[in-house]
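Thank you all for coming.

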Amino acid sequence: MKWLFAFLLAIAIFGSAAFFGYHIIVKPEMAVRAEQRGEVPEEPRVDVSLPEFQAASKLRQENKLAEARDALTLFLQKYPTSQHAEEAKDLLGSVNMQILLSKYPSAEKQEYVVKGGDVIARVAQKMKTTPELIMRMNNMRTTMLHIGDRLLVSHPDFSIFIQRKTQDVILLDKNNFFKRYKVHAMKLSPKQPPRINTKVAELMAWRDGKRVGFGTKDFLGSTRWIRLAQPGYTMFAEPSAGTPNPGGVPPPATGLALKPSEVEELSGLVNTKTAVTITD
C-alpha cells in the first residue's frame, strides 16, 4: 500500500506543478505571442440591453399591453443594434395588433354609437378607417348594424414600406413602426428603380376561383391579394404543397408572397389611399 500512496502523491505533486506551470508561464507566454502577431482575442461583450428586453417581454406576458408597447418602443429607440432588436420588432408588432384588433382600452380608440341610416361603409368613411377594421375590432361576423350599437373605432394613418433586400413589408402608423411582415418569396422584373413611391390600387378577395366582395357570406376567410399601382407588385397568399392555388386561382406572375393569414390581416388595415414606398 505504501507504493500506491507514493504513486498517488507523485501524481498530485507533478500534476499540480504542470497545472500551475501552464497557467503561470505557458498561457501568459502564448498570450504575449498572440498579441505580437495581432491576434488579440475579443473580450466577450456584456449584453446591457437584455434586462430591458426581458422586462418588456414580461409586461406582455402579464397582458399589460399598453405598458409593453411603450417599453418595446423605448427599447428599439435606445438599442437599435441590439441582438434582441429583431425579436423586439416582432413582439412590438404582435402587441400593436393585439391592442388594435380587440376591445383592449387605448387612447387611440373611441366609441361610436350607431344612428339611423348608418351602414358600415359610411361609418368607416366618417371615422377615417376601413369597414373590415371596424368588424375585426368589434368581433362582427356580418356587416349588419343596429341603432344604438356601440362600436369601438380606431383611425390609424397606415402606410407601407417595402424593403426588397431584406424581404420585409413594414406597416407604419403615422410613420412609426407598427408591424413587420416577412416576404416568403419575391419575383420581380430584373430592372427595378432604387426607390418607388406608389399606393395600394386594389384589394382583392378570392374563393373557389371567383372574386368575392366585402359584406358577402364568402368574404370572411377568403384569400386576399393587395395589388399596388406600381406594375408587377402584388402581395398575395403564398402557395403551399397542399394548396398550390390559394383561393382557387394561380398566383400572379410577379409579386410578393406572404403567409395567407398575414395578407388577409394586412388587407383589412389598408385601402386604396394607402401610400407605399419600395426601396432596396
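This is a predicted model: local features need pLDDT of at least 70, side-chain atom pairs count only at pLDDT 80 or more; totals for chains, interfaces and linings use all residues.

Let me begin with what I mean by a pocket: on a 1 Å grid over the protein atoms alone, a pocket is an open set of points where a 1.4 Å probe fits, with protein on both sides within 12 Å along at least five of seven lines, and its lining residues have an atom within 4 Å of a point. A volume here is the space filled by probe spheres set on the points, with grid points joined across faces, edges and corners. Residues are numbered from 1 along each chain as its sequence is written, and side-chain values use heavy atoms, with hydrogens and water left out.

The second largest pocket, then, has a volume of about 390 Å³. Its lining consists of 18 residues, and Lys128, Thr129, Thr130, Asn271 and Lys273 are those nearest its centre. Helices and strands are DSSP runs, numbered from the N terminus, a helix (H or I) having at least four residues and a strand (E) at least two; in those terms, helix H5 (120-126) and helix H6 (131-137) are the elements that give two or more residues to this second lining, and H5 provides the largest share, three residues. If we count Ala, Val, Leu, Ile, Met, Phe, Trp, Tyr, Cys and Pro as nonpolar, Asp, Glu, Lys and Arg as charged, and the others, Gly among them, as polar, the lining of the second largest pocket divides into nine nonpolar, six polar and three charged residues.

The largest pocket holds about 690 Å³ of space. Of the 29 residues that line it, Thr73, Asn96, Asn176, Phe177 and Phe178 lie nearest the centre. Two or more residues each come from helix H3 (65-78), helix H4 (85-100), E3, E4 and E5, and H4 gives the most, with seven. This lining divides into eleven nonpolar, eight polar and ten charged residues.

Strands pair if DSSP finds at least two bridges between them, and six bridges join E4 (residues 168-173) to E5, the two running antiparallel. Leucine 172 stands opposite phenylalanine 177 of E5, and in the hairpin, which has two residues between the strands, lysine 174 takes a positive phi near 55°.

That brings me to the rings. Rings of Phe, Tyr and Trp (its six-membered ring) pair if their centres lie within 6.5 Å, and planes under 30 degrees apart count as stacked, over 60 as edge-to-face and the rest as tilted. By this rule there are six aromatic pairs. Phenylalanine 158 and phenylalanine 178 make an edge-to-face pair, 5.1 Å centre to centre with 70° between the planes. Phenylalanine 158 lies in strand E3 (residues 158-163) and phenylalanine 178 in strand E5 (residues 176-182), so the pair ties together parts 20 residues apart in sequence. Both phenylalanine 158 and phenylalanine 178 are buried, that is, under 20% relative accessible area with a 1.4 Å probe and protein chains only, where exposed is over 50% and partly exposed in between.

Elsewhere, ring pairs link Phe53, Phe75 and Tyr79 into a cluster.
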